[in-house]
Amino acid sequence: MKSGKFWAWVVFALSAAYFFIPLLATFEFSLRLRRGVHSFDAYQIVLGDPRFQATFMYSVIAAIFTIILGVLVVVPAAYWIRLRLPQLRPIVEFITLLPLVIPAIVIVFGYIRMYGSNSPLPFLASDLGASSLLVIGYATLSLPYMYRAVDTGLRTIDVRTLTEAAQILGAGWSTIITKVILPNVLIAVLSGAFLTFAIVIGEFTMASLLNRPAFGPYLQNIGANRAYEPAALAIIAFAITWGCMSLIQILSRFAPKSANRPN
Amino acid sequence: MVEPFLSIQHVRKSYGTNTVVQDFSLDVEPGEFVSFLGPSGCGKTTVLRMVAGFEEPSAGKIVVAGKDITRLKPNQRNVGMVFQAYALFPNLTVAQNIAFGLKVGGMNKPDADRRVAEMLEIIKLPQMAERYPYQLSGGQQQRIALARAIAPKPKLLLLDEPLSALDAKVRVSLREEIRSIQKKLDITTIFVTHDQEEALSISDRIAVMYGGKAEQVGTPFEIYNRPATKFVANFVGTLNVLEGTVTDAAAGTVRVNSEQVSLKGKLNGSKSGDTLTLALRPEAISLGRQPGRDSSLSGEISEVHFLGSVIRVRVGIGGNTVSLDTFNSPATPPPAVGEKAEISFSSDDMLVLH
């Protein structure tokens, strides 16, 4: 099947070119700030900008809280559905997919109407409340990725038997989840966490409409007013996302191995 | 009569309209090894899971050491369990797996370490403490699972088909090891299996289950030699089934093919003319007339299989076929297919199946 292999490589090369050429062009463009020579001036300006540091830190902290919220909600829910309510799985899967089909702008307008300063739950009346609402919104946006990652992790272990083995040894629910289930799906949880991180770092709509000082609106602002710095920022955002993906790959090597599937 | 340690009293389990266990009762003495034997779907695992607390009985009561545990959660019962699928925690080493129940129970580290070392000695795997489950064979994993189950000194040990996933050789050695550990620790044990040889070889008593009920509870000797029902007789061991007609109920004579067999005291109210199902174990039958065997039937040899030390012979008797084994003797040639043959047996060994 030599000709089959040849065409496979052709398709691969074309796809790689489609993906990498714009990226290389953006990178090359980001180096052109100084006339006539290639330099990292645009990166220096961006990284030295206090607004970059402030907005990036804000988004990192929002991402960390989003991940914590996501883990607290998704791990017990996915575990319980696998253990006791498998008949609900299709419904829950459908619900977790909704953030992919309902635009973020619709969700955020809903939030503004529901949680405005005159509502019974006035999240938007304070900065802390608005930031909390942003984290809740991000947790919703990352639900499809977090739920799927955790559910896939749970599929690789015999949830019911491990739970029963722990129960009969005297363990209660909190011990079972923290000592047995979570360590065995930790890599899946981390995969979900890094996907969440990548989503939160670049998210614009919710942060902008809730008027939060996040990295997404900063990116948009720089992009609208500068020439070379947005290209540098795009490359930095790519590097962060790829860094997250690489971490998932590295960490997956340390996953607890099941006896049935040692590799 | 020794006070029962485990008492399962009129337990029933239904899922909607489907009743999987109906009125199951059993008393188990302290230190006794009782097997639940039966085909898939007979309810044996459900009863075990009710004793463990994973299923709640729809009716009935489960008492351990005089305490009603029917509504207690599994983690409040102090029961050890070994699962078919090993169920070792993949993220923990062997030592950590064994120590899990001890830590949950609040034992301090030095005592837990001592107990883990003791358990590893008992299961003869002291060098495996730092290995992970995926680095062990199936047999080793199941021994670790056994050590983990007995480490917290449970009142009761439950074994849910622990040997089913293992290959034949390991199965035999591990079942002997389980029995020897159970005797050494004198722990009351319930063992669920569908393998009759396993149940017969290691149990003090066997409860043969079918259709959610205990068909018979007895020692392996009783179960094998005096099966109470047709199902038990068929399920446990190999059985030759013959049709017979009661010729004289008062005298206890039954006609099989065209010959009379005396079954006095076994007819259980059958009337003359009734058709009976009779059964004979292969080892109760001899080829040719033998001293001490009071009954015989004539037929024709239909099959001969040379199996080395044993020769399996099938003899057609009327519409029935009887299978028997004879020892191979180099001096005697095996019987030939088509030869006329007479089989003899003691009428005491003939079972009347109800």
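Colleague: At what angle do the axes of helix α8 (residues 159-168) of chain A and helix α9 (residues 173-184) of chain A cross?

Modeller: This is a predicted model, so to speak: local features need pLDDT of at least 70, side-chain atom pairs count only at pLDDT 80 or more, and totals for chains, interfaces and linings use all residues. Residues are numbered from 1 along each chain as its sequence is written, while chains are lettered from A and ligands numbered from 1 in the order in which they are written. Helices (H or I, at least four residues) and strands (E, at least two) are DSSP runs, numbered from the N terminus; axes are lines fitted to C-alpha atoms, for helices over the stretch in contact, with angles from 0 to 180 degrees between N-to-C directions. The axes of α8(A) and α9(A) come within 10 Å, and they cross at roughly 120°.

Colleague: Which word describes how α8(A) and α9(A) lie to each other, and why?

Modeller: Angles under 35 degrees count as roughly parallel, over 145 as roughly antiparallel, 65 to 115 as roughly perpendicular and the rest as oblique. With a crossing of roughly 120°, α8(A) and α9(A) are therefore oblique.

Colleague: Is the crossing of α8(A) and α9(A) left-handed or right-handed?

Modeller: A crossing is left-handed if the near helix is turned anticlockwise from the far one by less than a right angle, and right-handed if clockwise. By that rule, the α8(A) and α9(A) crossing is right-handed.

Colleague: And how many nonpolar, polar and charged residues does the contact of α8(A) with α9(A) have?

Modeller: Two residues are in contact if their C-beta atoms, placed from the backbone, lie within 7 Å. Leu162(A), Thr163(A), Ala166(A) and Gln167(A) come from α8(A), and Thr175(A), Ile176(A) and Val180(A) from α9(A). Ala, Val, Leu, Ile, Met, Phe, Trp, Tyr, Cys and Pro count as nonpolar, Asp, Glu, Lys and Arg as charged, and the others, Gly among them, as polar. The tally for this contact is four nonpolar, three polar and no charged residues.

Colleague: How far apart are the axes of helix α3 (residues 50-83) of chain A and helix α7 (residues 143-155) of chain A?

Modeller: These two pack at an angle of about 45°, and that makes α3(A) oblique to α7(A). Their crossing is right-handed. The axes are 9 Å apart.

Colleague: How many charged residues are in the contact of α3(A) with α7(A)?

Modeller: On α3(A) the contact takes in Gly70(A), Val74(A), Val75(A), Ala78(A), Tyr79(A) and Arg82(A), and on α7(A) Met146(A), Tyr147(A), Val150(A), Asp151(A) and Leu154(A). By class there are eight nonpolar residues, one polar and, for the charged ones, two.

Colleague: Where does UniProt place the feature "transmembrane region" in chain A?

Modeller: UniProt positions use the numbering used here, feature names are shortened, and annotations may be inferred rather than shown by experiment. In the model, residues 7-27 of chain A are 100% helix and 0% strand, with the end C-alpha atoms 30 Å apart; residues 230-251 are also 100% helix and 0% strand, with ends 31 Å apart. The unreviewed UniProt entry gives residues 7-27, 56-79, 91-112, 124-147, 185-210 and 230-251.

Colleague: How many helices and strands are there in chain A?

Modeller: UniProt lists "domain: ABC transmembrane type-1" (unreviewed entry) at residues 52-249 of chain A, and that span is 81% helix and 0% strand. The count for chain A is 13 helices and zero strands.

Colleague: Over in chain B, which strands stand at the edges of the five-stranded open sheet, and why?

Modeller: Two strands pair if DSSP finds at least two bridges between them. The order is β13-β12-β11-β14-β20 (chain B), with antiparallel pairing. Each edge strand has a single partner, so one side of it is left without a neighbour in the sheet; the two are β13 (259-262) and β20 (351-353) of chain B.

Colleague: Which residue in the turn between β4(B) and β5(B) has a positive phi?

Modeller: β4(B) pairs with strand β5 (residues 67-68) of chain B in the antiparallel sense over two bridges, and Val64(B) has Lys67(B) as its bridge partner in β5(B). The two strands form a hairpin with two residues between them, and the residue with a phi of about 50° is Ala65(B).
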